[in-house]
Amino acid sequence: MKISPLTFNKDVKEDILELFGKTIDEEEYIVEKENINQRVLTPKGEEIRLEEWAGIVQGSEAFVKSDTFSLMEIAKKVE
Amino acid sequence: MKLFDKLKTLFEGKFGDIFTNNIIKFFDFSKNTTQVLELKDGQRLSLDVSKGTEEDKKKAKELIDFIVQEEKDAFFTDKSAEKTQQIKRNLPLKNDEELLKFYRDKLKPDMLRAIEGSLVVKNAWTKGEDISELKRDIACKYPNFGNNVCNLVTGGYFENYFKELYENMFEQEDFSILDYQEEVERIVKSLPYMVFINRHKSYEEFSGEVKFKLDKLKKYGTEKFKLHGLGKDNVEKALKIIEEYKEDNSVVIEKYINPSKTIITAIFRF
């Protein structure tokens with residue numbers, strides 16, 4: 001795995017989410033646009049707030065959090 | 001570059017003139033002034049999907065799918081991409097791996113994970129990098145002990161002190177790994193009001209340090225202070241310090257020494 005040279009700015013997080021049929025609920029958690037009661041989960045089953053969303057990795061839309069421990073798992077796979 | 005080719009294939013029809021520029025070095029999704037695709041600072045090709053048609057959005061989604069599913073790359077915010085690279089270059093290697101291996105079957109998974117994260121912090125700190133965010137994450141994830149583990153790892157305590165503690169406890173007849181786990185946890189949590197007696201400083205130096213810390217703790221009202229020592233010499237050093245307070249009515253001292261007199265914990269209450 002590599003980190004893509006194409007990144008996104010935090011100001012456009014919601015625009016990117018929209019491309020994936022996602023939005024945020026009142027508490028700023030990422031949710032399915034078609035069912036805002038369904039929060040998007042990380043592969044470890046954690047809910048993700050917009051602020052702590054790092055991005056996407058391969059998998060069925062695997063959403064990743066931006067904390068050190070989540071990124072450490074990714075870093076171990078980066079070539 | 002495959003990414004550039006993909007971008008070109010998707011958007012050339014509409015923004016062909018941008019791709020004739022050969023000095024594009026960076027790509028991002030960010031807010032643009034008017035266009036879906038803009039060249040910023042002459043080098044950064046920026047995509048703003050909010051300014052695009054449904055067709056442009058489909059193309060942007062196709063581009064991200066290409067990155068993630070075909071190239072198998074991580075598609076991250078600029079900040080998270082940078083943070084992942086920082087973590088990557090500071091991941092535990094060689095000696096750090098040995099250290100983790102030693103504790104793998106001895107400590108609870110949460111404690112081990114906090115140590116692993118703290119090793120990343122230590123390595124970054126050694127290189128003079130900014131560690132504030134990494135350290136904050138560890139403290140947030142493990143509010144009871146994360147910050148203290150970080151300080152103890154940076155101070156090298158897991159390389160020596162806690163290994164020595166294990167060896168000393170292991171020699172005891174009634175040793176159980178649970179006792180060791182609890183003792184490590186107790187010590188880690190006590191860090192703000194703890195002094196470790198070791199061989200690197202003299203009795204006089206520790207005596208002064210204990211006095212200084214006690215005065216400070218009395219002033220700020222934590223009502224508790226701990227001394228911890230490993231090895232016969234350090235147990236003796238600790239006992240000598242405790243002796244200094246036997247006439248002091250403002251302090252009550254409880255001391256715990258193992259049967260072979262190689263581990264001492266003294267709790268000063270005031």
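1. Helices, here and below, are DSSP runs of H or I with at least four residues, numbered from the N terminus. In that sense B:Glu204 belongs to helix 10 of chain B, which covers residues 203-220. The model is a predicted one, and every remark in this note should be read with that in mind.

2. A residue counts as exposed if 12 or fewer other C-beta atoms lie within 10 Å of its own, and B:Glu204 has 8 C-beta neighbours inside 10 Å, so it falls in the exposed class.

3. Chain A contains two helices and six strands, and their order along the sequence is β-α-β-β-β-β-β-α. Its radius of gyration is 12 Å, close to the 12 Å that the globule rule gives for 79 residues, and chain A is therefore as compact as a globular protein of that length. The C-alpha trace of chain A extends over about 35 × 25 × 20 Å along its principal axes, and 38% of the 79 residues count as buried. Of the contacts in chain A with a separation of 6 or more, 15% are made by residues 24 or more positions apart.

4. Chain B has 11 helices and eight strands. For chain B the radius of gyration is 28 Å, whereas a compact globule of 270 residues would have a value near 18 Å. Taken along the principal axes, the box filled by the C-alpha atoms of chain B is roughly 90 × 40 × 30 Å. Buried residues make up 32% of the 270 in chain B, and among its contacts between residues at least 6 apart in sequence, 53% join residues at least 24 apart.

5. Within chain B, helix 1 (residues 2-19) packs on helix 2 (residues 54-70) at an angle of about 160°, their axes being 10 Å apart. Angles over 145 degrees count as roughly antiparallel, and these two helices of chain B are therefore roughly antiparallel to each other; their crossing is right-handed. On the helix 1 side the residues that meet the partner are B:Leu3, B:Lys6, B:Leu7, B:Leu10 and B:Phe11, and on the helix 2 side they are B:Lys59, B:Glu62, B:Leu63, B:Phe66 and B:Ile67. By class, this contact has seven nonpolar, no polar and three charged residues.

6. The contact between the chains draws 30 residues from chain A and 38 residues from chain B. On the side of chain A that touches chain B, at least two residues each come from strand 1 (6-8), helix 1 (13-19), strand 5 (53-57) and helix 2 (68-77) of chain A. Helix 2 of chain A gives the most to that side, with seven residues. Sorted by class, the side of chain A that touches chain B comprises 17 nonpolar, seven polar and six charged residues.

Methods:
Residues numbered from 1 in each chain as written. Chains lettered and ligands numbered in written order. Predicted model: local features only at pLDDT ≥ 70, side-chain atom pairs only at ≥ 80, totals over all residues. Rg over C-alpha atoms; globule rule 2.2 N^0.38 Å. Buried ≥ 20, exposed ≤ 12 C-beta atoms within 10 Å, placed from the backbone. Contact = placed C-beta atoms within 7 Å. Axes fitted to C-alpha atoms, helices over the stretch in contact; angles between N-to-C directions. Parallel < 35°, antiparallel > 145°, perpendicular 65-115°, else oblique. Left-handed = near helix turned anticlockwise from the far one by under 90°. Nonpolar A, V, L, I, M, F, W, Y, C, P; charged D, E, K, R; others polar.
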